[in-house]
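Welcome! Please have a look at the model first.

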Amino acid sequence: MTEEKIIFVGPFLGNFKEEICTFRPYARFIWESLECTKFIISSHYNRGFLYDWTDEFIPIEKSLTEDELNQKGYIHKEVNQRDYTKKVKKIKEKICENENCAKRNIIHYNLPYVKTSPPISIYQKSFVPIDWEEDRLEEADILFIPDIKEFKEKISSLYKKISNDFKVIVAGDKKGRLEEKNNLNNLQYIDEVYKYIIEYMSKCEVVVTPCSHWTFLANLQGVPVFSWGKFISPYKKDGEYSMNNKNMIVPNLDIDKLYDQLISFYYHIQGS
């Protein structure tokens, strides 16, 4: 009789950016590469939908998920290395109890518990779109995700310009600008925030956002995206996060030139 082999990846306590850019594709790579009798992932409870291909999802404590601003890189600032190790041990014990297996049957994988990016090779990542079939939200010309990487004044000026000419939806998490215009304020924010953003992407013609993980997410989902910033090469054609998507990635331009480029891209997409 073949001995049971359970692969357990996680728990991931960090922010959404590092989850979709590194942890999820790393876990997917392991899932595609190794055979096992059961594959288990542990992360934030409101991100379980990212892993619909796994056998089991174990959510971490709700309080760590709700404390979004203390999620930094691959860690949660309120959980030190020692406490993190205890969490891993506790989840392993739970798996042993549920599966009636020994600890030797569990093969554990995770990223280093650090703030900064660990050296995970692009060849150890598998990028697949996030499946989404809900149909709850209104359509729009532009989904504007005002990430905090850009100055508030520039974000506000660009929003004012595009909202005069297009139907614009503003959405984002707590690490963003234009908080008062965020369409997610009136919804079940913590439980649904990332589901709603992905659904809004499917409802718009173009995503507009400073170069960030939101650019990558739009590329991953195959939604046309217009982004700008200082460090743009990973998101451009042939970059690690381009996903061969239709996009326009430009340097930090002044607001008028930025808007002109956006208009050009929008109507190019409409005509393609």
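A residue is called buried under 20% relative accessible area, exposed over 50% and partly exposed in between, with a 1.4 Å probe and protein chains only. This is a predicted model, in which local features need pLDDT of at least 70, side-chain atom pairs count only at pLDDT 80 or more, and totals for chains, interfaces and linings use all residues. Residues are numbered from 1 along each chain as its sequence is written, and side-chain values use heavy atoms, with hydrogens and water left out.

**Exercise 1. Rings**

Work out whether the rings of Tyr 51 and Phe 57 are stacked or edge-to-face, and sort Tyr 51 into buried or exposed.

Solution. Start with the rule: rings of Phe, Tyr and Trp (its six-membered ring) pair if their centres lie within 6.5 Å; planes under 30 degrees apart are stacked, over 60 edge-to-face and the rest tilted. By this rule there are 20 aromatic pairs. One of them joins Phe 39 and Trp 53, with 6.4 Å from centre to centre and 50 degrees between the planes, so this pair is tilted. Phe 39 belongs to strand S2 (residues 38–43), while Trp 53 sits 14 residues away in the loop between S2 and strand S3 (56–59); helices (H or I, at least four residues) and strands (E, at least two) are DSSP runs, numbered from the N terminus. Phe 39 is buried because its relative accessible area is 0%, and Trp 53 is buried at 11%. Now the pair in the task: the ring centres of Tyr 51 and Phe 57 are 5.9 Å apart and the planes lie at 15 degrees, so the two are stacked. Tyr 51 has 2% relative accessibility, so Tyr 51 is buried, whereas Phe 57, at 22%, is partly exposed.

**Exercise 2. Two helices**

Find how the axes of H4 and H7 cross, and list the classes of the residues in their contact.

Solution. The axes of helix H4 (residues 152–165) and helix H7 (residues 255–271) come within 10 Å and cross at roughly 40 degrees. Angles under 35 degrees are roughly parallel, over 145 roughly antiparallel, 65 to 115 roughly perpendicular and the rest oblique, so H4 is oblique to H7. Next, look for contacts, meaning heavy atoms within 4.5 Å. On the H4 side the residues include Lys 154, Leu 158 and Ile 162, and they meet a group in H7 with Ile 255, Tyr 259 and Leu 262 among them. By class, this contact has six nonpolar, one polar and four charged residues. Here Ala, Val, Leu, Ile, Met, Phe, Trp, Tyr, Cys and Pro are nonpolar, Asp, Glu, Lys and Arg charged, and the others, Gly among them, polar.

**Exercise 3. Backbone and surroundings**

Say which peptide bond is cis, and decide whether Glu 199 is buried or exposed.

Solution. The bond from Gly 10 to Pro 11 is cis, with omega near 0 degrees. Pro 11 lies in the loop between strand S1 (6–9) and helix H1 (16–33). Moving on, Glu 199 is part of helix H5 (residues 189–203). Its relative accessible area is 0%, so Glu 199 is buried. Leaving out residues up to four places away in sequence, Glu 199 touches Trp 132, Glu 134, Asp 135, Arg 136 and Leu 137.

Key: Axes fitted to C-alpha atoms, helices over the stretch in contact; angles between N-to-C directions.
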